[in-house]
Amino acid sequence: MASPYRIMRLLLFFDLPMNTKEERRIYSRFRKYLITNGFTMIQFSVYVKIFPNRAGLFQYIEGLKRQIPSKGSVRLMAVTEKQYEKMLILVGGKTIQEEVITEDPMVIL
């Protein structure tokens with residue numbers, strides 16, 4: 001099993017305008033891109049993706065930059081798996097994806 005200090009999580013926060021039909025289309029396309037590329041939603045407009053190491057994470061970020069919409073706000077935060085595990089959930093609980101997707105490469109269904 002890999003070290004929880006080596007495994008990385010990329011948190012992506014976004015707020016895109018949705019006033020016009022075109023802006024809603026851009027929002028939808030960006031959201032679908034995130035889901036198709038392995039991100040899971042942990043809250044509205046907050047998505048997370050796991051990476052085996054920092055090199056993979058930073059390489060992915062370079063490709064992600066080409067998909068970012070020109071308007072709105074998109075922020076990234078990279079944390080280790082150990083830091084992510086320490087996140088406090090004050091109301092609600094972990095999503096099903098968070099329960100299933102961990103640093104453990106073997107998932108039993």
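Reader: In E3, which residue is the bridge partner of methionine 41?

Author: In this predicted model, local features need pLDDT of at least 70, side-chain atom pairs count only at pLDDT 80 or more, and totals for chains, interfaces and linings use all residues. Residues are numbered from 1 along each chain as its sequence is written, and side-chain values use heavy atoms, without hydrogens and water. Strand E2 (residues 40-43) pairs with E3 in the antiparallel sense over three bridges; strands (E, at least two residues) and helices (H or I, at least four) are DSSP runs numbered from the N terminus, and two strands pair if DSSP finds at least two bridges between them. In E3, the partner of methionine 41 is tyrosine 47.

Reader: Which residue takes a positive phi in the hairpin of E2 and E3?

Author: The hairpin has two residues between its strands. A positive phi near 60° is taken by serine 45.

Reader: With which residues is leucine 34 in contact, leaving aside its neighbours within four places in sequence?

Author: Contact means heavy atoms within 4.5 Å. Once those sequence neighbours are set aside, leucine 34 touches Leu12, Phe14, Phe39, Tyr47 and Leu64.

Reader: How many residues does the largest nonpolar core have?

Author: A nonpolar core is a set of buried Ala, Val, Leu, Ile, Met, Phe, Trp, Tyr and Cys residues joined through side-chain atoms within 4.5 Å. Buried means under 20% relative accessible area, exposed over 50%, and partly exposed in between (1.4 Å probe, protein chains only). Leu34 and Tyr60 are among the residues with the most contacts inside the largest core, and the number of residues in this core is 15.
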